[in-house]
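Open the model in your viewer and keep the selection tool at hand. The stops below go from the whole chain to single residues.

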Amino acid sequence: MMDLLYIYWNPDTVLCHLGPLTIRWYSTCWLVGLLLSYFTVKYLYRKLNLPDEKFEPLFLYCFIGILIGARLGHCLFYEPDYFLSSGTHMIEMLLPIRQDMYGSWHFTGYEGLASHGGTIGIILALLLYSRNLKVKMWTVLDTISISVPITAGFIRMGNLMNSEIIGKPTDVPWAFIFERVDMLPRHPGQLYEAIAYFCFFFVLWYFWRKKPQLVGTSFFFGLDILLIFTFRFFIEYTKEVQEAFEEGLPFDMGQILSIPFILMGAYFTWKGWKRIHN
């Protein structure tokens with residue numbers, strides 16, 4: 001009787017075709033998340049009386065930082081043996097193409113993006129933006145951090161549409177059966193993360209509404225990282241390991257990489273709160 005409640009999941013990864021152009025759910029989720037973050041940050045910049053010419057380059061810095069960081073993070077954290085083994089594979093790391101066994105190159109898109117790398121990438125991009133545009137570093141980092149969970153949530157929805165980053169087998173009544181993977185009921189880990197990240201956005205928004213003076217103190221930057229990576233550490237227990245080398249580890253790679261972010265997030269949350277309550 002329990003299996004009647006399971007959700008059989010096998011959506012088409014393609015949203016639509018526009019002539020020769022194929023629009024996939026995953027890229028659409030990325031785009032929606034980025035656009036919503038764009039409008040959120042634009043609203044916050046106006047509340048801070050920052051001019052539009054300071055805001056307009058921000059999206060490009062964020063997009064490039066996330067993409068490069070997430071791609072390099074996946075390649076270096078999860079598949080270094082492959083991507084660092086030859087010049088050809090290093091090209092595959094940097095460009096969305098892959099060489100087949102016959103030596104022909106094919107466009108594949110970026111197959112593999114890591115959130116920890118994306119976080120490092122966007123932080124570095126924002127530090128560069130802050131220096132070049134002469135906007136206070138903590139003002140930029142705090143403002144962006146309020147919107148980050150929106151994009152993170154939509155990215156996980158994209159993972160759900162792709163039936164990737166699947167959870168472990170389970171008998172909970174809300175389990176998903178990812179038909180492209182196997183016919184086992186599994187935790188919908190991507191959905192857990194998406195819901196959590198959307199909730200984190202409202203937590204950050206609540207603090208901004210109540211104490212807008214916290215912007216520029218490091219509080220929102222710290223709280224965002226603390227919430228996301230603490231949740232990420234524990235949600236890994238419901239996920240299948242992504243790479244074989246993780247099997248023998250007490251923690252998987254996602255958990256190991258989350259620990260320094262959790263510590264950093266706790267420190268900057270405390271530091272930011274302390275700055276306005278001394």
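Helices (DSSP runs of H or I, at least four residues) and strands (runs of E, at least two) are numbered from the N terminus. Colour the chain by these elements: there are 10 helices and 7 strands. The radius of gyration, taken over C-alpha atoms, is compared here with the globule rule, 2.2 Å times the number of residues to the power 0.38. For this chain the radius is 20 Å, close to the 19 Å that the rule gives for 278 residues, so the chain is as compact as a globular protein of that length. Along the principal axes, the C-alpha atoms fill a box of roughly 55 × 50 × 40 Å.

This is a predicted model, in which local features need pLDDT of at least 70 and side-chain atom pairs count only at pLDDT 80 or more, while totals for chains, interfaces and linings use all residues. Residues are numbered from 1 along each chain as its sequence is written, and side-chain values use heavy atoms, with hydrogens and water left out.

Now look at burial. A residue is buried under 20% relative accessible area, exposed over 50% and partly exposed in between (1.4 Å probe, protein chains only). Buried residues make up 46% of the 278 residues.

Select Tyr 45, Leu 58, Ile 122, Leu 126, Tyr 129, Ile 144 and Phe 221. A nonpolar core is a set of buried Ala, Val, Leu, Ile, Met, Phe, Trp, Tyr and Cys residues joined through side-chain atoms within 4.5 Å. The seven selected residues touch the most other members of the largest such core, which has 33 residues. Elements giving two or more residues to this core include helix 1, helix 6 (115-133) and helix 7 (137-161). Apart from it lies another core, of 11 residues, among them Ile 150, Trp 208, Phe 219 and Phe 220.

Which residues does Phe 221 touch, not counting residues up to four places away in sequence? Contact means heavy atoms within 4.5 Å. The partners of Phe 221 are Ile 123, Trp 138, Leu 141, Asp 142, Ser 145, Met 264 and Phe 268.

Next, select Thr 28, in helix 1 (residues 25-47). Is Thr 28 buried or exposed? Thr 28 is buried, because its relative accessible area is 19%. Leaving aside neighbours within four places in sequence, Thr 28 is in contact with Leu 15 and Ile 23.

Finish at Ile 64, in helix 3 (residues 58-78). With a relative accessible area of 40%, Ile 64 is partly exposed.
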